[in-house]
Amino acid sequence: MTQLTSIPQAIIAPELSWVGLALLLPLLAAVACALCCALRVKGKAAAIITILALAASFGIIVKAYFAYTGPVQVPIFQWIDFEWGAGQFQSFNANCALYIDTLTLFWMLFVTGLGTLIAIYASEYMEGYCGSGYSRFFFGICIFLFSMSALVMGDNLIMLYLGWEGVGLASYLLIGFDYARPAAVAAGKKAFIMNRIGDLGLALGIFMLWANYGTLQYSELFAAMNKGGQTSVDWDLSVIPFLLMLGAFGKSAQIPLFTWLPDAMEGPTPVSALIHAATMVTAGVYLIARMYPFFELHPEALATVAWVGGLTALLAATIGMAQYDIKRVFAYSTISQLGYMFLGLGVGTSFGACYHTLTHAFFKALLFLTAGAIMHGFAGQLDLRKLSGLRHIPGWRIVSWTMLVGCLWLSAFPYTAAFFSKDAILLQALTSVRADFRFLGWLGLFTAALTAYYTFRVWFRVCAGPLHFEPGAEAHSESHDHHAPSTHAAHTTAPAAKSDHSFHPHAPRWAINGVLLILALGAVVVGVPAYNQAFAHKDNWAQQMIAGSSAMQGAGLAEDHGSQASVEHPKVLGMDAHTGLTIVGCTASIGGILIAWYFHLGSRKSADQLRAALLRRWWIRWVPICMENKWYVDEIYHFCFRLPMWLGSQILYFADRHFLDGVMVDGLAKIPIAVGKLFRPLYGGALQGYASTMAGGIALVVAWLSWIWLRGFN
Amino acid sequence: MLLIWTSILFPILAAFAVAIGPTKSAKWTAFAGTLVSLGALTLFAWNFPAWHNAEHFPNTTGPSWIPQAGITFSVGFDTVSLLLALLSAFLMPLCIAGSFSSITERTKEYYGWFLVLGSSIILAFAARDAILFYIGYEFTLVPMTLIIAIYGGTERRVAAIKMFLYTFLGSMFMLATLLYIGWEHRLAVGAWDFDIDTLTKTTIRLPSSTQYWIFAALMVGFAVKVPLFPLHTWLPLAHDQAPTAGSVILASAMLKLGTYGNYRFALPMAPAGGAELMSVVAVLAIIAIIYASLICWVQTDAKKLVAYSSVAHLGLCMLGLFALNPVGAEGAVFYMVNHGLSTGALFLCIGMFYERYHTKDTDVVGGLAKRMPIWASFMVLFTMASIGLPGLNGFIGEVLCLGGTFISEHDGQSGYPGVLGPWYAIVAGLGLIFAAMYLLILLGKLVWGPLREPHDDAAHASSAVRLSPDINFREIAILTPLAIACIWLGLQPKPMLDAIAPCAERMLANYPKEVERLMAQSAGTPLASLNNTTNESSSE
């Protein structure tokens, strides 16, 4: 397959090493936070250090963005580096160096930017932990930002792996932040282990790349691709993208490794917003975008990505429709939106995928932060059946309205940024020459309607409607020294907090409100470039950012489709593809919102009636049951993998003790004892015994000598 | 030379001083003795000329001991043995300091034997004479057996005897083989000589079938020590019963004698045997990884879990070593040091909470982050190092071992053909997932979760030294150097990798040829010649 455009070659630019500060500052801040932790600092020093460091690293990235002229490689220091010959395959180099192209900058801009904002938010949100876990929390955030920066900016796949595992560690530590709760600990463990399964795929993919190309540096790998790449369909070459995508599916919570993400909501909400919605989970998208040329070599690999993405989007959306916990709804929507990104990558529009990553980062962080504000104020209450009409409470208006912005964006309301980014993906799918991609496109549109429905189900339930709320579990507990919200709420001493009137929700202050406003504004503004210049045009800012990198659209496979598309003018529903898709997309989005409005604002009773009606009919009953129980995926995994393995391990342990050690080793040791026992009667201790033994011995010796003597005569 | 002997003999002198001196000062005498030993070795390493130069090895001749048998007191280091000796010497004072509060009875004997243990380990690493090596190797068993049998847990006697007999039986094979090699040398040259380099030169000239048996016999001896599946069953018991410091030295230094033996004797001495048996050892190593990891998963005893994890980790180390290429060998040596650091530190951590709660059962005690936050931070760090988190030391060894296995293929683009290849790496890689599973389960029970403490006041009252709830300054001072080493080696592995590289290449010098010869034999001529031509064309 010929490459129509080659990947721009990176030049080595040691003079840009100041960009490395973006990596170093979070690390230093982490050390400082650890010191705060060790010195048991009671104040907010850790938060201030973190915010300053992250803001500085955001500033550095912005500066790098304006100084950007072309892809560069910035060496910092030698990490793992040795060679044993001069040949191409006789070295192993993974140095600490940066690879900066537009894709890197694109990612880093929103990672550090959102990181800073969420750190500001968290400085207020986590203040209940001052003195007990506050510094530890910001230590985790700093480790996360360091690792994420290493992941995105690293110049080789080992650096990427370093970041990849590092964000996993940060995620583990932060999900299990409230370590006294077993659920949080279990969720952290689950996240780490499920990620580790994907990581094995990534690690093997990296080895496979190294074994086949003799290098792990992006610039050298891309140079090899520019030379025509490896077009062979060799077994171990075609397996590379599949191994890499396993890693991506683990980190980005796609089928079959998605079940950890909803559980990860046990972590503090800023963590859910930053790590489990906006940045870390997009690492899989980044990996595939970065290694896109290798995926394009194998169309079936891209098709797999597309199918996994499309099906995950649908599956997660169906689960999200039936959850009652606001954060869980948003978690499933994250999985679903990540599914869209993978669908975009799979059908060949890496631009659409990356653009959707950007818009999603903003609106999903916003949504999680509003959910966090609600959780903070209502003593941990997140059940959307128990909250209603928040927009009527003064002090909660900012939360309500910014949440509306987030919901509109998530449901891809016409002429929001997410509408454009989602349509970029769906358009590519629907105009594809492959029938299965077109099918996935329609599936994506259906999922978009579901998305609009479950998103506004939350908003209509929680923010609209009559004012009514019940505080969460933390309001009742007397031993609340470990939870943030309750320490602040004035109600904590009230014994009868059960009635609504004795409970006064604790409205967010400037840090939370300010961040929500900035993010809402950001969500609006990110849409603007796309709004001004029609999104499909080549001069869109996001388009330019992606096109200048290795993730460029149409380096191979997709370009073929593009050229065919321009010839045939593909149609959607008999109309021009753009117009058709806009109409269908608007219909899906607004239709979903209207349905949500009817069931969750207009007449809330009918929602319960519908559910009851579904449950009454045996042939449809399984649908709501499965949706509410997450399609039993956790249970299936437990019975298919965990339980047999656990039983096998018990058997092995038993065999190790009783067979290998008991029978083999101890059995062997018994042989000398048995031999000894055989002769023991000879040494009974009685004199006559010894005398007879001696006589017998003499007799034996005599017999032996005489036998020799006799034989000698023969 | 003087420095080496100082580091070997000073602990023994200190042991005498401990024996003669008052009981009160025993621990400080012992501590000082190990510090001097470490200092001498560090000074030697500081001036070591061969860090970056494979050809230059310091003078290895020593005073003759039994001239008739060609046995000498020659000691000397190459970078690998120096690193391992430094590791042992580094852990010694930490272990002694770690025993201050846990050993309250018969302290003089304890510290005396501990010093002897330290010096015999350093002797084994330093020896350039095969018999001297054997003496050091074998003599470690005596103090270790006593330490386990006197200061260990409830089944300490059984554990000590089993460890002694099992490993002693293994090393008999090794001794017999070394004597046989010496005899072969005498046949060839006319005089006995046990210098390791001389013996190596002798054996590589022996016919392949002889080398095969030499390798197999040496391998049996070292495999017990490593321990390689299925010869590992002495280890969990010994670890379980040993006192904390004994476990640390057992895991961090004594097991390394097994892998070091492979590096120093089995592999370079009998390349034909090594090349022929590489897949056998690799398969055993992979079984060890999977088998031990799965067993770890169902352990409720923290110490046993770490003990079984040692079996798995050293399986990976052996796999890297037997990939028979520089990446794997380098990774394996790196891994030896790292395993010593992180597993030793884990044993120390477990010992610290054991001293406070007198149980290692994770079902009984847990959620200690609330009670012992500083300890918990260290525990998390060392667990992560053990899992192989990049940026910490474990990762470098792991990735190199697996990478070495991965490219140990027929085509031999790396210049080092092998017979392992991707499938071996894939199966061994499952160990990475399992490692995360069992170690995080350990963390989840022990460190996180609601606080669970046994209310056993009797046990608390009986302990002579009352300990603070969280680890005290002494214990922090013990763990901090280990933590720094873990982080430093993870971030800056290059100096050490550079130091190991020439040694790894020297060890493997004969392997490409041997492996190619074997592959040509087994594959039949037409295919082999095809392979050769493709190799030549690709190299051009």
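Chain A is divided into domain 1 (299–467 + 509–616), domain 2 (629–678) and domain 3 (684–714), with bounds that come from an automatic or database domain assignment. The centres of domain 2 of chain A and domain 3 of chain A, taken over C-alpha atoms, are separated by 51 Å. This is a predicted model, in which local features need pLDDT of at least 70 and side-chain atom pairs count only at pLDDT 80 or more, while totals for chains, interfaces and linings use all residues. Residues are numbered from 1 along each chain as its sequence is written, and chains are lettered from A and ligands numbered from 1 in the order in which they are written.

The strands of chain A come next. Helices (H or I, at least four residues) and strands (E, at least two) are DSSP runs, numbered from the N terminus. Three strands of chain A form an open sheet in the order β1-β2-β3, with mixed pairing; two strands pair if DSSP finds at least two bridges between them. Strands of a sheet pair through backbone hydrogen bonds, either parallel or antiparallel. β1 (11–12) and β3 (91–100) of chain A stand at the edges, each with a single partner strand, so one side of each is left without a neighbour in the sheet. The pairing of β1(A) with β2(A) is parallel and extends over two bridges. Here A:I12 stands opposite A:Q73 in β2(A). By contrast, β2(A) and β3(A) run antiparallel and are joined by nine bridges. In this pairing A:F77 stands opposite A:C96 in β3(A).

The interface between the chains may now be considered. Two residues are in contact if their C-beta atoms, placed from the backbone, lie within 7 Å. On this basis, 43 residues of chain A are in contact with 46 residues of chain B. On the side of chain A that touches chain B, at least two residues each are supplied by β2 (72–83), α5 (157–175), α6 (182–213) and α26 (633–679) of chain A. The most is given by α6(A), with 13 residues. The residues of this side of chain A divide into 27 nonpolar, nine polar and seven charged. In this classification, Ala, Val, Leu, Ile, Met, Phe, Trp, Tyr, Cys and Pro count as nonpolar, Asp, Glu, Lys and Arg as charged, and the others, Gly among them, as polar.

Axes are lines fitted to C-alpha atoms, for helices over the stretch in contact, and angles run from 0 to 180 degrees between N-to-C directions. Angles under 35 degrees count as roughly parallel, over 145 as roughly antiparallel, 65 to 115 as roughly perpendicular and the rest as oblique.

Helix α14 (residues 326–357) of chain B packs with helix α19 (residues 473–491) of chain B at an angle of about 150°, their axes being 10 Å apart. That angle makes α14(B) roughly antiparallel to α19(B). The crossing of α14(B) and α19(B) is left-handed, a term used if the near helix is turned anticlockwise from the far one by less than a right angle, with right-handed used if clockwise. Among the residues that make the contact are B:L341, B:A345 and B:L348 of α14(B) and B:I478, B:L482 and B:L489 of α19(B). By class, this contact of α14(B) with α19(B) has 10 nonpolar, three polar and one charged residues.

For helix α4 (residues 107–126) and helix α5 (residues 130–139) of chain B, the packing angle is about 150° and the axes are 7 Å apart. α4(B) is therefore roughly antiparallel to α5(B), and their crossing is left-handed. The contact is made by B:S120, B:I121, B:L123 and B:A124 of α4(B) and B:F133, B:G136, B:Y137 and B:F139 of α5(B). These comprise six nonpolar, two polar and no charged residues.

Helix α7 (residues 156–189) and helix α8 (residues 196–203) of chain B pack at an angle of about 70°, with axes 9 Å apart. This angle makes α7(B) roughly perpendicular to α8(B). The contact includes B:H185 of α7(B) and B:T202 of α8(B), and its residues divide into three nonpolar, five polar and one charged.

Some features of the backbone in loops complete the account. The peptide bond from A:I255 to A:P256 is cis, with omega near 5°, and A:P256 is placed in the loop between α8 (235–251) and α9 (260–263) of chain A. In chain B, the peptide bond from B:F229 to B:P230 is cis, with omega near 0°. B:P230 lies in the loop between α9 (208–225) and α10 (234–241) of chain B.
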